[in-house]
Amino acid sequence: MKTKHIIALVIAVAFIAVAAFALVDNKIDYSDFDKATSDGRRAQVSGTYDKDKGSQYDIKSNTFTFFMKDHAGREMQVKYAGVRPNNFELAPAVVCVGKVENGVFEASDIQTKCPSRYEGSGKMQNPSS
């Protein structure tokens, strides 16, 4: 084996190792608020918006704040640096990506489940009629 081949092999192995470490480091797992609080890492929490407590949007700081209940039943305040997502009030589920800081979930991304996708009329319609 020539020296050029050995150097190319070492570079390829190093590149694969760096890519694997970057992939593991940027991986975000689904979690609940308890696990996200104890881990202290970025997490993806799915739950429902607590409509009884309402939501607020501060124009000056461009911050959207609301309370969310995760699937384990724990509720936490969520702060998002951005505008309220479309269909937020109607969404049956909300997924937030972020990190717990000082007892508040600081979200960097919010996704809402499309309400029409989960609604059904209960009746099948005949396409020919």
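Arg84 is partly exposed, with a relative accessible area of 41%; buried means under 20%, exposed over 50% and partly exposed in between, using a 1.4 Å probe and protein chains only. The model is predicted, so local features need pLDDT of at least 70 and side-chain atom pairs count only at pLDDT 80 or more, while totals for chains, interfaces and linings use all residues. Residues are numbered from 1 along each chain as its sequence is written, and side-chain values use heavy atoms, with hydrogens and water left out.

Arg84 forms a salt bridge with Glu89, with 3.3 Å between the closest N and O atoms. A salt bridge is defined as a side-chain nitrogen of Lys or Arg within 4 Å of a carboxyl oxygen of Asp or Glu. Glu89 is partly exposed at 31% relative accessibility. The search of the whole structure finds 3 salt bridges.

Another of these pairs joins Arg74 and Asp34, whose closest N and O atoms are 3.0 Å apart. Arg74 lies in the loop between strand 4 (63-70) and strand 5 (75-80), and Asp34 in helix 2 (residues 33-39), so the pair ties together parts that are 40 residues apart in sequence. Helices (H or I, at least four residues) and strands (E, at least two) are DSSP runs, numbered from the N terminus. Arg74 is partly exposed at 31%, and Asp34 is partly exposed at 44%.

Lys53 and Glu75 also form a salt bridge, at 2.6 Å from N to O. This pair links distant parts of the chain, 22 residues apart: Lys53 is in the loop between strand 2 (43-49) and strand 3 (55-58), and Glu75 is in strand 5. Lys53 is partly exposed, with a relative accessible area of 49%, and Glu75 is partly exposed at 25%.
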